[in-house]
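Reader: I'd like to learn how to read a protein model feature by feature. Could you take me through one?

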Amino acid sequence: MSVVPSISGSISAMMKAVVGSSPFGRIPRNHSNWYRCRVMGISEKSQYSLPTQSILDLVKELTVGQRSANTLEELAIFLHSSIFPKLGPFSIEIYYPDQSITNYLPQENNNDKMCHEGWNVPQRIPANHQLIADIRNSFRSVALNNDSSLPEFLAVTENASHLIAPIRDGGDIFGLLYFGSVEPDAFSPLYLGAIETLAAIIGSRLKSMGTILQLKESMHALEYSERLRTALYEINEQAHHAKNINDLYANLHQIVGHLIHAKNFYIALVENRRDGQYITFPYFADSKAPQIQSMAVQLGEENLPICGYLLKTG
């Protein structure tokens with residue numbers, strides 16, 4: 001079920017939110033002064049803004065276009081090729097949390113559509129930095145200029161001004177958008193509001209992708225569970241109706257092959273003899289290994305087969 005806003009029903013509402021409200025209205029009181037002052041004190045001189053019609057067109061293109069993206073990589077490629085170039089003369093990147101959620105990282109890809117050599121963007125954004133923690137808590141974008149208090153992960157980009165926007169849906173944050181400019185005070189309040197709107201649409205798609213992925217995983221788990229149940233039933237039937245033990249082993253091989261790739265398959269038994277333990281192979285099928293069916297291999301020998309190693313090590 002997709003939660004991406006419909007074009008006809010929500011563009012007007014989005015634009016009212018972008019044009020009619022301050023993007024700084026919900027900045028929490030405990031924000032660090034070193035960047036709150038920068039956000040509130042941005043000069044309007046040479047600030048970049050998007051015309052209202054351009055914002056409407058971008059909302060429409062993003063809402064419709066991203067529906068074809070079914071993976072994080074596909075979404076990043078779409079954004080880099082179709083959306084980011086229309087957002088202004090900035091270095092722009094989308095960041096997803098890593099598995100440990102300690103860093104936000106750009107999507108790795110060798111596709112030419114995501115090649116932006118010469119762009120100045122952070123290699124990573126640490127999730128535990130106070131700036132990022134405050135963005136997560138406030139759900140608001142933050143714009144900063146270069147000064148001595150700028151975080152190192154932003155300073156290394158050598159950009160003069162920075163914008164970080166959370167990608168969210170409701171109370172869930174799925175990633176971050178970064179914008180860097182060689183000009184100071186580059187982002188107007190209207191531009192910040194427009195980016196927050198676009199980020200919310202991206203967040204809706206990411207949430208939808210997560211829901212779809214969970215449904216697919218659940219379906220695959222159910223399908224495998226059913227296949228496993230069928231295989232166990234067939235093994236039970238073969239145990240009762242096989243004509244001889246060799247037919248039973250061959251049928252077991254066939255049944256296992258329905259669950260996993262099992263071109264090579266053998267059954268090993270452990271026998272205790274006076275001079276030690278031996279492994280025998282009542283059934284052995286291997287396309288490359290020599291035929292050792294009915295042979296006995298002593299576990300104490302130096303050339304220990306892999307099954308012997310598993311038996312000895314548990």
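**Reading the model, feature by feature**

Author: Let's start with one residue. Leaving aside neighbours within four places in sequence, Pro106 is in contact with Glu93, Ile94, Tyr95 and Gln123; contact means heavy atoms within 4.5 Å. Pro106 has its place in strand 2 (residues 103–106). The C-alpha atoms of Pro106 and Gln123 are separated by 7.4 Å, although these residues are 17 apart along the chain. This is a predicted model, so local features need pLDDT of at least 70 and side-chain atom pairs count only at pLDDT 80 or more, while totals for chains, interfaces and linings use all residues. Residues are numbered from 1 along each chain as its sequence is written, and side-chain values use heavy atoms, with hydrogens and water left out.

Reader: Is Pro106 buried, partly exposed or exposed?

Author: The general idea is a scale: buried means under 20% relative accessible area, exposed over 50%, and partly exposed in between (1.4 Å probe, protein chains only). With a relative accessible area of 26%, Pro106 is partly exposed. Across the protein, buried residues make up 41% of the 314 residues.

Reader: How many helices and strands does the protein have?

Author: Helices (H or I, at least four residues) and strands (E, at least two) are DSSP runs, numbered from the N terminus. Here the secondary structure comes to nine helices and nine strands.

Reader: How do I check the span of helix 3?

Author: The expected span is 1.5 Å times one less than the number of residues. Helix 3 (residues 52–65) has 14 residues and should span 20 Å; the C-alpha atoms at its ends are 20 Å apart, which agrees. Within helix 3, the buried residues are Ile55, Leu58, Val59, Leu62, Thr63 and Gly65.

Reader: Which residues touch the most other members of the largest nonpolar core?

Author: In soluble globular proteins, nonpolar side chains tend to be buried together. A nonpolar core is a set of buried Ala, Val, Leu, Ile, Met, Phe, Trp, Tyr and Cys residues joined through side-chain atoms within 4.5 Å. The largest one here has 35 residues, and Leu87, Leu177 and Phe179 touch the most other members. The elements giving two or more residues to this core are helix 3, helix 4, strand 1, strand 5 (161–169), strand 6 (172–181) and helix 7 (189–241). Helix 7 gives the most, with 10 residues. Apart from this core lies another, of 15 residues, among them Tyr95, Val142, Leu150 and Leu176.

Reader: What is Leu177 in contact with?

Author: Beyond its neighbours within four places in sequence, the contacts of Leu177 include Phe84, Glu93, Ile94, Leu163 and Ile195. For the protein, 58% of the contacts with a separation of 6 or more are between residues 24 or more positions apart.

Reader: How many aromatic pairs are there?

Author: Rings of Phe, Tyr and Trp (its six-membered ring) pair if their centres lie within 6.5 Å; planes under 30 degrees apart count as stacked, over 60 as edge-to-face and the rest as tilted. By this rule there are eight aromatic pairs. Take Tyr266 and Phe284: their ring centres are 5.3 Å apart and their planes are at 15 degrees, so the pair is stacked. Because Tyr266 lies in strand 7 (residues 265–273) and Phe284 in strand 8 (residues 276–285), the pair ties together parts that are 18 residues apart in sequence. Tyr266 is partly exposed, at 32% relative accessible area, whereas Phe284 is buried, at 9%. Phe284 also forms an edge-to-face pair with Phe281, at 5.8 Å centre to centre and 85 degrees between the planes.

Reader: Which residues do ring pairs link into a cluster?

Author: Ring pairs link Phe90, Phe179, Phe187 and Tyr191. Phe90 lies in the loop between helix 4 (72–83) and strand 1 (91–97), and at 7% relative accessibility it counts as buried.

Reader: What is the phi of Phe139?

Author: Most residues other than glycine have a negative phi, and most peptide bonds are trans. Phe139 has a positive phi, near 60 degrees, and is found in the loop between helix 5 and strand 4 (142–145). Phe139 is buried, with a relative accessible area of 19%. Ile101 has a positive phi too, near 55 degrees. Ile101 lies in the loop between strand 1 and strand 2 and is exposed, with a relative accessible area of 54%.
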